[in-house]
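Here are my notes on the model you sent over, written as numbered points. Have the viewer open while you go through them.

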Amino acid sequence: MALSNEIIQNNLIEKFGDQVLNFSTASGILSFESSKEINLKILQYLYEEPSLGFTFLTDLCGVNYPDNIGAELVVVYHLHNFSENIRLRYSVSTSIDETAVFTASKLFESANWMERETYDFFGVNFIGHPNLKRILNVDEMDYFPLRKEYPLEDQTRIDKDDEMFGRG
Amino acid sequence: MEHQTNITLPKGSIEKTTTTLNIGPTHPATHGVFQNIMEVDGERVVSTEQTVGYIHRAFEKLAERRPLYQITPITDRLNYCSSPINNMGWHITCERFLKLDLPKRVDYLRVIIMELARISDHLICNSIVGVDTGAYTGFLYVMQYRELIYEIYEEVCGSRLTTNIGRIGGFERNFTNTAFTKLEKFLDEYPKVLKEFENLFARNRIFMERTKGTGGISAERALNYGFTGPNLRAAGVDYDVRVQQPYSSYQDFDFKVPVGTTGDNYDRFLVRNAEMYESISIIKQAYQKIQEFKGTDAEVYHADVPEYYLPKKEDVYTKMEALIWHFKIIMGEIDLPKGQIYSAVEGGNGELGFYLVSDGGRTPFRLHFRRPCFIYYQAFEELIKGGMLSDAVVTLSSLNLIAGELDA
């Protein structure tokens, strides 16, 4: 039987009960959330359960929602089942003060750099990552630039006189 | 001479049996800004650490302050060997997100441009593999056909490398007759040149011995490493976004997805070459389909979506409606719907994905680019470990790494 979003949803609810929540479908992709403590269990189940077979990690990235107090940072996984040709979006959220999330790099080699990128830009601390250091930014950087608290223009610059640009 | 006893050497430097070799960030063999810190034992590579980020330009942050149509020029600078695919990929993402329907003719015109871009991308990659194995001729020979492709871009959008081609909803202008003439010239001449190019390499003893069995990867490992595009297909997995999740009416075309078996440099070369033939065939089919449009249908080059499609400048000066929409679009009075989307196209080197999160404002709340080569470059160490240093150079170019895309 062909895999559908409904089957995936029922399968996950059957296995994890109310630990998986907020199912929704946007643009044909099923997305759901869970608490960050069980992210590896869920990813591993999606990977190893033969009827699901989400063995390809398409994308992993972070999103910062500064208004969601206690869940400011979200890690989004896009998974793909090639044989059934179906995508899945799974996300876990974490507080900005305690950003530990388990690493998926043991399951997917591809997660290694994507997690480093997410650490680099959002400061998500991936527990168990083999080499968690900055990847695109310089090592000396002391902030996480894609967080919303940093506006696009560098506010720490002192070499530029804003009055000269009509913005006093 | 007094005997010296107080020389202090760095700890471990006497026991060390390997040499540390620093390749890059700029080096003739890297074709882009890549740094590799290699440990070599003689000419064998023991380990390597890739450093990336030398041309990071914070595109994802920039995109958070730009309306959709201003993000297109950013996408040019990802994979700059096939900018039009990035542009179209972005337009298609927006159109899917805004639920716009496009006329078939626009889809076919886009397919022509995207396949030309794929050819120019593969052309560069394959000929550079040739250069790195010591055959410069092929590179110089096919360059004139990349030039012809660039001239077609120029006719369509006015620029060559960073194309910013098309708009949300279609193209900024219809294809001129010159564009079609150049396309015909390309379709007429290029297959023969490609055949000749293939003859130079495919059964060339030196080339085969340099590329066969080097930089190989199994299908299983390639999937685990997140390979997509020709690199994954060379390892034997027939995953192609154009087939699996058709966009821009790719389902209307008849083409094959070439696959390799061993995933080594030679297979990657062959897969890319075979894909160029398929691209030529797709362009021919698309051109034929375009010629079948008659009457007013043959003049359609954009969808009728005034809320998102920037009107022509002449119309803005002379027509009330166009002026209003122009003003609304430019002043950002059109908010995006809330929601998120992941949409992917088959880029020159793999699945190019756009993950767009909107909170209902004028600009994306978050935009993430899934850059294929960023993801598969991780496997470089595994690909070259235990091999010769000179094979590592060939592997680096045959992976089709584009620094602009890698570093976003």
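**Notes on chains A and B**

1. Let me start with a helix pair in chain B: H2(B) passes H3(B) in a right-handed crossing. Keep in mind that this is a predicted model. H2(B) covers residues 68-76 and H3(B) covers residues 83-98; their axes come within 8 Å and cross at roughly 150 degrees. That angle makes H2(B) roughly antiparallel to H3(B).

2. Who touches whom in that pair? On the H2(B) side you'll find Leu68(B), Ile71(B), Thr72(B), Thr75(B) and Asp76(B), and they meet Ser83(B), Asn86(B), Asn87(B), Trp90(B) and Cys94(B) of H3(B). Sorted by class, this contact of H2(B) with H3(B) has four nonpolar, five polar and one charged residues.

3. Now look at another pair in chain B, H6(B) (residues 177-201) and H11(B) (residues 265-291). Their axes come within 11 Å and cross at roughly 165 degrees, which makes H6(B) roughly antiparallel to H11(B). The crossing of H6(B) and H11(B) is left-handed.

4. The contact of H6(B) with H11(B) divides into 12 nonpolar, one polar and two charged residues. From H6(B), the residues include Leu183(B), Leu187(B), Tyr190(B) and Phe201(B), with Glu198(B) also taking part. From H11(B), Phe269(B), Met276(B), Ile280(B), Lys284(B) and Tyr287(B) are among them.

5. For chain B as a whole, I count 17 helices and six strands. Its C-alpha trace spans about 95 × 50 × 40 Å along the principal axes. A compact globule of 408 residues would have a radius of gyration near 22 Å, and the 24 Å of chain B agrees with that.

6. The strands of chain B include a hairpin of S4(B) and S5(B). These two strands run antiparallel and are joined by nine bridges; Tyr342(B) has Tyr355(B) of S5(B) as its bridge partner. Four residues lie between the strands of this hairpin, and Gly350(B) takes a positive phi near 150 degrees.

7. Over in chain A, there is an open sheet of five strands with mixed pairing, in the order S1-S2-S5-S4-S3. Strands S1 (20-26) and S3 (56-64) of chain A sit at the edges with a single partner strand each, so one side of each has no neighbour in the sheet. From one strand to the next, the twist averages 20 degrees.

8. How many bridges join S3(A) to S4(A)? There are eight, and the two strands run antiparallel, with S4(A) covering residues 73-81. To find your way around here, pick Cys61(A): its bridge partner in S4(A) is Val76(A). Helix H3 of chain A (residues 111-122) packs on the sheet, where it touches S3 and S4 of chain A, and its direction makes about 5 degrees with that of S3(A).

9. Last, the place where the two chains meet. Chain B puts 30 residues into the contact and chain A puts in 27 residues. Several elements of chain B each supply at least two residues of the side that touches chain A: helices H1 (59-63), H8 (219-224) and H14 (372-376), plus strands S4 (338-346), S5 (351-359) and S6 (366-370). By class, the side of chain B that touches chain A has 11 nonpolar, 10 polar and nine charged residues.

Key
Residues numbered from 1 in each chain as written. Chains lettered and ligands numbered in written order. Predicted model: local features only at pLDDT ≥ 70, side-chain atom pairs only at ≥ 80, totals over all residues. Axes fitted to C-alpha atoms, helices over the stretch in contact; angles between N-to-C directions. Parallel < 35°, antiparallel > 145°, perpendicular 65-115°, else oblique. Left-handed = near helix turned anticlockwise from the far one by under 90°. Contact = placed C-beta atoms within 7 Å. Nonpolar A, V, L, I, M, F, W, Y, C, P; charged D, E, K, R; others polar. Pairing = 2+ DSSP bridges. Rg over C-alpha atoms; globule rule 2.2 N^0.38 Å.
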